[in-house]
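Subject: Structure handover

Hello,

Here is the structure for you to look through. My notes on it follow below.

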Amino acid sequence: LAQAILWLFISRAPACSDRLRTPRPGSPLAVRMLALRGISRVPGLSRSLQVGVARRALSVGESTYLRSSTRERPKTCLNIYFSRFSDQPGLAASVLSVIGRQGLQLTHLESKLYNYSFDGATIEVDIDGIADDSPKLTQVLKEMRDLGVMVDVKPPLEVPWFPLSRKELDRCVDEVIGSGTGGLMAPDHPGFNDDEYKKRREQIAEVANSYREGDGKLPHIPYTADEIATWRAVYERLEVCHARWACDEFREVLPELKAEAGYGPEQIPQLQDISEYLQSKTGFRLRPVCGLLSARDFLNALAFRTFCSTQYIRHGGNPFYTPEPDVCHELIGHVPLLADPHFAEFTQKVGLASLGAPDEAIVKLANIYWFTVEFGLVKSAHVDPSDTERSGVKVMGAGILSSFGEMEWSAAASPSEECRQMGGIARDYPRLGKPVLRDFKPEDAAAQPYPITTYQPLYFVGESLRGMKDLIGDYCDRMEKKFYPVYDPITGTVSPSRHISRLPRTSTVHLQAEKQKAYFESLKE
């Protein structure tokens, strides 16, 4: 086997593709968290927007497009058995050379003992660009069997549905989620009794829902004077906090965002301007959505360096409170760090790892996303021993960066009592004077429960964005997966390394609900 593998890498036959290489794969915002946990429907929007508008009606032509826009490139998986009686030096190399002579490429190669160590070994190979009924495959099978080995064609591996291209992200945003107990329809939402605000939300949702990949420029929202006033209040309050608590990478990009993407207190930036800026920096792009996506769909979009962003803004009656993510959270909290190469890379790696992953893995990846992209901290690069107000950490998580109260709670050496009261800590964690800080380890973050109605009692702290990128990359590479997704940034497509069959999309609702229930039960102990 070692001889065969060595031959693959040193021969000039096209049997080995570069695809063999491992690919580079709020405030307590309760609704964003519930989105990561896979619950359904947009809060506060009309029934037609919750179901009908959110799930765009497909015409006959569109149905045909969805079936054919991204055809999976054919692959075939062969199981090659080497009996201990027929095996001999060089046999594996001879068998694999058959593939090269037919001008075919391997996308996957693995070997294992057959029946433990009692009776030879097997090699599984996936061949790109060849169907089960291809004449070339018939010839490959014949030549291999003539060499004295047994060869079987294996059926495709079944995996949860995932998009193969940016175009297929249209299907990921057809259904939006929210919660039956929070958001706009909850009595404590500032806009609950404001019919005009609800109508405005529906208008913006319709605009976002009408967008499809390839439509050109992202929808432009003509924000009202009242909406801009709400943005201004939030922007100016957070700007002061960012100068004190935000990580260096976040603060360094703000001048460019002001100059190139329209950031500032006097206008709400448009997604098109921001998307163009991000593409020039890290290749990330924004896509409007009319509400919140499931954890699977949201993470899947990140695999294509696409961040799904809402465009509506919180109610002006209380600009410093929102039970759900809005344009302030998305643009002020998330966007700046998407311009950082290290942050962008590990964000995409989490997305790539989510493609075709089982529900249990989606839960773990959503947790990692929560404790990094949403509520992550990094060690300060410049610690002043005489500064007793800071704890030596800086904020990188968007959920914290869009909350002036949680910035103090998470990063101050001694958070004020007012801060503890405001974030629900004094009520739910009366003995907790400041948060628990732990070194970031993806395995720990993946298994760590968290509350959704208070500031976080525990945060993970990374050495740096680069260090977190490396740790997350290693974790994603170690995940047990049926295949590896190979991303092509030029075409915006993903090619699976194995012969797979995509199943209908599934939900992590039951797993996440059980996990959240267990967490709240633990608080009673």
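Start with Arg 420, which sits in helix H18 (residues 417-422). Helices here are DSSP runs of H or I with at least four residues, strands are DSSP runs of E with at least two, and both are numbered from the N terminus. Is Arg 420 buried or exposed? Arg 420 counts as buried, at 8% relative accessibility. Buried means under 20% relative accessible area, exposed means over 50%, and partly exposed lies in between (1.4 Å probe, protein chains only). Leaving out residues up to four places away in sequence, Arg 420 touches Trp 409, Ile 425, Ala 426, Tyr 429, Pro 430, Leu 432 and Gly 433. Contact means heavy atoms within 4.5 Å. Trp 409 is eleven residues from Arg 420 along the chain, and their C-alpha atoms are 7.2 Å apart.

A word on the source. This is a predicted model, where local features need pLDDT of at least 70, side-chain atom pairs count only at pLDDT 80 or more, and totals for chains, interfaces and linings use all residues. Residues are numbered from 1 along each chain as its sequence is written, and side-chain values use heavy atoms, with hydrogens and water left out.

Now the whole chain. It has 22 helices and 14 strands. Of its 525 residues, 57% are buried. The chain exposes about 22700 Å², and carbon and sulfur atoms supply 52% of that. Those areas come from the Shrake-Rupley method with a 1.4 Å probe; for residues, only the protein chains shown count as cover.

Next, the cores. A nonpolar core is a set of buried Ala, Val, Leu, Ile, Met, Phe, Trp, Tyr and Cys residues joined through side-chain atoms within 4.5 Å. The largest one has 112 residues, and Leu 278, Leu 286, Leu 331 and Met 396 touch the most other members. Helix H15 (residues 359-374) gives the most to this core, with nine residues. A second, separate core has 21 residues, including Phe 82, Leu 91, Val 95 and Ile 99.

Two helix pairs deserve a look. Axes are lines fitted to C-alpha atoms, for helices over the stretch in contact, and angles run from 0 to 180 degrees between N-to-C directions. Helix H14 (residues 341-354) packs on H15 at about 165°, with the axes 9 Å apart. The pair is therefore roughly antiparallel. Helix H11 (residues 271-281) and helix H13 (residues 327-338) cross at roughly 25°, and their axes come within 10 Å. H11 and H13 are therefore roughly parallel. The cut-offs are under 35 degrees for roughly parallel, over 145 for roughly antiparallel and 65 to 115 for roughly perpendicular, with the rest oblique. Leu 271, Ile 274 and Leu 278 of H11 meet Leu 331, Val 335 and Leu 338 of H13.

Just after H5, Gly 103 has a positive phi of about 70°. In helix H12 (residues 295-302), eight of eight residues are buried. Among them are Arg 296, Asp 297 and Asn 300.

Last, Arg 305. This residue lies in the loop between H12 and strand E7 (306-309). Arg 305 is buried, with a relative accessible area of 16%.

Best wishes
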